[in-house]
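Please consult the sequence and coordinates shown here alongside the text.

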Amino acid sequence: MRRMETEQFAIEQQDKREQIEQLLENALPQEISYQKTIRDAMEYSLMAGGKRLRPMLLMESYRLFGGKDMDSVSPFMVAMELIHTYSLVHDDLPAMDNDEYRRGRKTTHVVYGEDMGILAGDALLNYAYEMAGQGVRAAEPMECGLRALEILAHKAGIHGMVGGQVVDVELTGQAIDEERLQFIYQLKTGALIEASLMMGAALAGASEADIQRMEQIGRNVGMAFQIQDDILDLVSTTEELGKPVHSDEKNEKTTYVTIHGIEKAKEAVEQYSETALDLLEGMDVSNDFLNTLIETLIRRKK
Ligand code: GRG
């Protein structure tokens, strides 16, 4: 399978990240009156400099299937990052993980208050669908945009991220069996990664079979990503991650690492990533940047 040379990949990844930052900045609501506080809180959380992995996966999946028109894909990339950001803002709230640091700075509720933290999450979520509406209009044909919208709503809600979070919250502090842990990881973390890859394919007019292949790839990438997240929570530093380490221990969470130990967890990250790459290789389209991006996730340090 073709991969990009490390230096060239790093340059392109940075370029793409900056391109996404620009899209996000431009998309923030402009016409604001007395509700300015919530716009500020949205900007504070959104522009805090995450990895922008999900919009990047969305764009690269779109390119994988020959998509070229940025007008239809850009609003969906923004929508995806808005939903991801809302989930982080709500996850950090006192009622959930009660975290004070995220992306290297104070969490939104710490700066703006718990009430505004809740509302900022709500505003980000609703604004995501406003953006997605723009994407649907720009899609060619519009049915591709509608399919992308359907995937987004499905994977962000009860059958996806929210569903996973519910089980995660309910089982916190309890021993979790392997099957339920897999369920949580697949939904809480995997669903948005799956959705990103599926939406890119849908927008480029890929077949349902190919959209489902991207879902499988996303499922494996999601598992690898979450297990790596568990590992980093244990072995990294607050400075490197931009959020507190050992939070799983603090929150009494069963993770892949607590069940299997760190060595097995590292093996699992490699295994899931390899499966994702094999599935990609088995397709009759290819994108060297996407291959390399998925491969680098195994070694990610933050
Ligand atoms: C509150 C409905 C609701 C859902 C919350 C996504 C989530 C569900 C909670 C966030 C906490 C967490 C550890 C989620 C697992 C997914 C994950 C590793 C998110 C962090 O994503 P990164 O690493 O973050 O891509 P950046 O900051 O780089 O964007």
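The sections below treat aromatic pairs, charges over rings, a helix contact and one leucine in turn. The model is predicted.

## Aromatic pairs

A search of the whole structure returns two aromatic pairs. In one of them, F9 and F289 are tilted, with a centre-to-centre distance of 4.8 Å and 35° between the planes. F9 belongs to helix α1 (residues 6–27) and F289 to helix α15 (residues 288–298), so this pair ties together parts that are 280 residues apart in sequence. F9 counts as buried, at 4% relative accessibility; F289 is likewise buried, with a relative accessible area of 1%.

The other pair is formed by Y44 and Y112. Their ring centres lie 5.7 Å apart, and because the planes meet at 65°, over the limit of 60, the arrangement is edge-to-face. Distant parts of the chain are linked here too: Y44 is in helix α2 (residues 36–46) and Y112 in helix α5 (residues 108–112), 68 residues apart. Y44 is buried, its relative accessible area being 16%, whereas Y112 is partly exposed at 24%.

## Charges over rings

The ring of Y44 also has a charged neighbour: the charged end of R105 sits over this ring, 4.3 Å from its centre. Elsewhere, R300 lies over the face of F225, at 3.7 Å from the ring centre.

## Contact of helices α7 and α9

Helix α7 (residues 142–156) and helix α9 (residues 178–203) have axes that come within 9 Å and cross at roughly 175°. The crossing angle is over 145 degrees, so α7 is roughly antiparallel to α9.

On the α7 side, the contact is made by C144, G145, R147, A148, I151, L152, K155 and A156. The α9 side contributes A191, L192, E194, A195, M198, M199, A202 and L203. Sorted by class, the contact comprises twelve nonpolar, one polar and three charged residues.

L187 is placed in helix α9. With a relative accessible area of 11%, under the 20% cut-off, L187 is therefore classed as buried.

Which residues does L187 touch, not counting those up to four places away in sequence? They are I158, H159, G160, M161, G163 and G164. For M161, the C-alpha atom is separated from that of L187 by 5.0 Å, although the two residues are 26 residues apart along the chain.

Notes:
Residues numbered from 1 in each chain as written. Predicted model: local features only at pLDDT ≥ 70, side-chain atom pairs only at ≥ 80, totals over all residues. Heavy atoms only, no water. Phe/Tyr/Trp six-rings, centres within 6.5 Å; stacked < 30°, edge-to-face > 60°. Helix = DSSP H or I, 4+ residues; strand = E, 2+ residues; numbered from the N terminus. Buried < 20%, exposed > 50% of the residue type's maximum accessible area, 1.4 Å probe, protein only. Lys NZ or Arg CZ within 6 Å of the ring centre and 35° of its normal. Axes fitted to C-alpha atoms, helices over the stretch in contact; angles between N-to-C directions. Parallel < 35°, antiparallel > 145°, perpendicular 65-115°, else oblique. Contact = heavy atoms within 4.5 Å. Nonpolar A, V, L, I, M, F, W, Y, C, P; charged D, E, K, R; others polar.
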